[in-house]
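Biologist: Please put the model up, and then we can go through it in questions and answers.

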Amino acid sequence: MGVDRKSRPTWDSPAHASSFDHRDVIRAWCDAHPQGASLDTIEHLTAQTINQQPDVVTLRSERWSTKDLLACEQSILDAATAGIGRGIATTPASTINAAIAQHATATAEQQAVARSLTSDGDALSVLIAPAGAGKGFTLGIANRAWADAGITVLGATIAARAAAELSIGAGVNSMTITRLLGQLDDGKVLPRGGVLVID
């Protein structure tokens with residue numbers, strides 16, 4: 001029994017994960033057969049996908065990825081590494097100090113993060129924090145400093161609601177990623193030397 005190319009699953013899972021496990025493969029094949037398939041068929045296709053597809057790569061026990069996904073990840077990592085310390089979207093110390101002064105309730109950690117975002121000059125910065133930690137508030141401080149330094153800041157999110165929250169919480173003019181990509185396809189150009197916040 002061969003893989004049915006017409007119903008072959010994709011690995012764009014709801015979580016957009018770059019790797020998958022046995023359950024993910026079963027789910028993908030079930031989704032690829034909306035009219036139903038026997039358990040034997042699904043199990044056979046799952047085993048064939050994991051063990052016989054040349055583009056599937058074993059990461060560790062019971063976890064796989066594909067050559068394309070790994071290459072994409074590596075290109076992102078390479079671009080991020082090449083962009084370290086490039087002097088992009090930096091603000092003078094006096095500007096970030098003034099922005100922090102306008103946000104008197106900022107914690108020491110939030111101040112430090114805002115300073116880092118606006119002074120490191122990295123092409124890519126990643127802000128990770130649990131819900132409720134004040135990421136929007138911190139971005140608001142950085143946004144104030146960037147704006148005062150004449151740096152354009154745009155935001156893009158997966159959902160429209162998140163775009164509205166980013167606009168309100170951090171003061172960043174935001175839209176959905178889909179809308180932004182549509183504008184770029186229509187010829188819009190991102191501002192040179194600006195900041196793009198992706199949530």
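Modeller: Two strands pair if DSSP finds at least two bridges between them. Strands (E, at least two residues) and helices (H or I, at least four) are DSSP runs, numbered from the N terminus. The model is predicted, with local features needing pLDDT of at least 70 and side-chain atom pairs 80 or more, while totals for chains, interfaces and linings use all residues. Residues are numbered from 1 along each chain, and side-chain values use heavy atoms, without hydrogens or water.

Biologist: Which residue takes a positive phi in the hairpin of β1 and β2?

Modeller: β1 and β2 pair in the antiparallel sense over four bridges, one of which joins Thr 58 to Trp 64 in β2. Two residues lie between the strands of this hairpin. The loop there runs between β1 (56–60) and β2 (63–66). The residue with a positive phi, near 65 degrees, is Glu 62.

Biologist: Is Glu 62 buried, partly exposed or exposed?

Modeller: Buried means under 20% relative accessible area and exposed over 50%, with partly exposed in between (1.4 Å probe, protein chains only). The relative accessible area of Glu 62 is 49%, so the residue counts as partly exposed.

Biologist: Which residues of β2 point the other way from Arg 63 and Ser 65?

Modeller: In a regular strand the side chains alternate between the two faces of the sheet. In β2, Arg 63 and Ser 65 point one way, and the residues on both sides are buried. Those that point the other way are Trp 64 and Thr 66.

Biologist: What relative accessible area does Ala 89 have?

Modeller: Ala 89 lies in the loop between α3 (67–82) and α4 (93–101). Its phi is positive, about 55 degrees, although Ala 89 is not a glycine. Most residues other than glycine have a negative phi. Ala 89 is buried, with a relative accessible area of 11%.

Biologist: With which residues is Lys 67 in contact, leaving aside its neighbours within four places in sequence?

Modeller: Lys 67 is found in helix α3 and is partly exposed, with a relative accessible area of 48%. Its C-alpha atom is 29 Å from that of Arg 179, which is 112 residues apart along the chain. Contact means heavy atoms within 4.5 Å. With sequence neighbours within four places left aside, the contacts of Lys 67 are Pro 54, Asp 55 and Val 57.

Biologist: What distance separates the C-alpha atoms of Ala 149 and Thr 90?

Modeller: Ala 149 sits in the loop between α6 and β3 and is partly exposed at 34% relative accessibility. Beyond its neighbours within four places in sequence, Ala 149 is in contact with Thr 91, Pro 92 and Thr 95. Thr 90 is 59 residues from Ala 149 along the chain, and the two C-alpha atoms are separated by 8.4 Å.

Biologist: Which strands stand at the edges of the open sheet, and why is one side of each left without a neighbour?

Modeller: The sheet has three strands in the order β4-β3-β5, with parallel pairing. β3 (residues 153–157) pairs with β4 over four bridges, and β3 also pairs with β5 over four bridges. Each edge strand has a single partner, so one side of it has no neighbour in the sheet; the two strands are β4 (173–176) and β5.

Biologist: What is the bridge partner of Leu 154 in β5?

Modeller: Leu 154 is on one side of β3 with Ala 156, while Val 153, Gly 155 and Thr 157 are on the other, and all are buried. In β4, the residue opposite Leu 154 is Asn 173. In β5, the bridge partner of Leu 154 is Leu 196.

Biologist: Which element gives the most to the lining of the largest pocket?

Modeller: On a 1 Å grid over the protein atoms alone, a pocket is an open set of points where a 1.4 Å probe fits, with protein on both sides within 12 Å along at least five of seven lines, and lining residues have an atom within 4 Å of a point. The largest pocket has a volume of about 970 Å³, taken as the space filled by probe spheres set on points joined across faces, edges and corners. Of its 32 lining residues, those closest to the centre are Ser 125, Leu 139, Leu 196, Val 197 and Ile 198. α6 (135–148), α7 (160–170) and β5 (195–198) each supply at least two lining residues, and the element that gives the most, with five residues, is α7.
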